[in-house]
Amino acid sequence: QVRSLRPDATLILLLPPSPDIQADRLRTRGDDEAHVVRRLAEGAAEEREGRAIADYVVVNDTIAQATAELASILDLRRSGAS
């Protein structure tokens, strides 16, 4: 929907490093096992859809690295480059 409403939008897909790390992160924040399983299944579907439309993909290994990549993408887009 975003692409149809704002064709000029820059779409960035933010991903966990792996499903195992995503599961660990969910458990660490206190999510129950049923939620973890459901979120992993939803995440796989969201990743497939997101990769099909995203202009950029950022893997969230660490907050510092992911925010640096996002800032670089924004700087690149603001400068008019693709």
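Predicted model: local features only at pLDDT ≥ 70, side-chain atom pairs only at ≥ 80, totals over all residues.
Residues are numbered from 1 along each chain as its sequence is written, and side-chain values use heavy atoms, leaving out hydrogens and water.

Let's start with the fold. The protein has four helices and two strands, in the order α-β-α-α-β-α along the sequence. Here helices (H or I, at least four residues) and strands (E, at least two) are DSSP runs, numbered from the N terminus.

Next, the dimensions. The C-alpha trace spans about 45 × 30 × 15 Å along its principal axes. Of the 82 residues, 21% are buried, meaning under 20% relative accessible area with a 1.4 Å probe and protein chains only; exposed is over 50%, and partly exposed lies in between.

Now to our threonine. Where does Thr-67 sit? Its place is in helix H4, which covers residues 63-78. Thr-67 counts as partly exposed because its relative accessibility is 43%. A polar atom of the Thr-67 side chain lies 2.8 Å from the backbone oxygen of Ile-63. And how far is Thr-67 from Ser-4? The two are 63 residues apart in sequence and 27 Å apart in space, C-alpha to C-alpha.

How values were computed
Polar contact = N/O pair within 3.5 Å; in protein donor to acceptor, adjacent residues only side chain to side chain.
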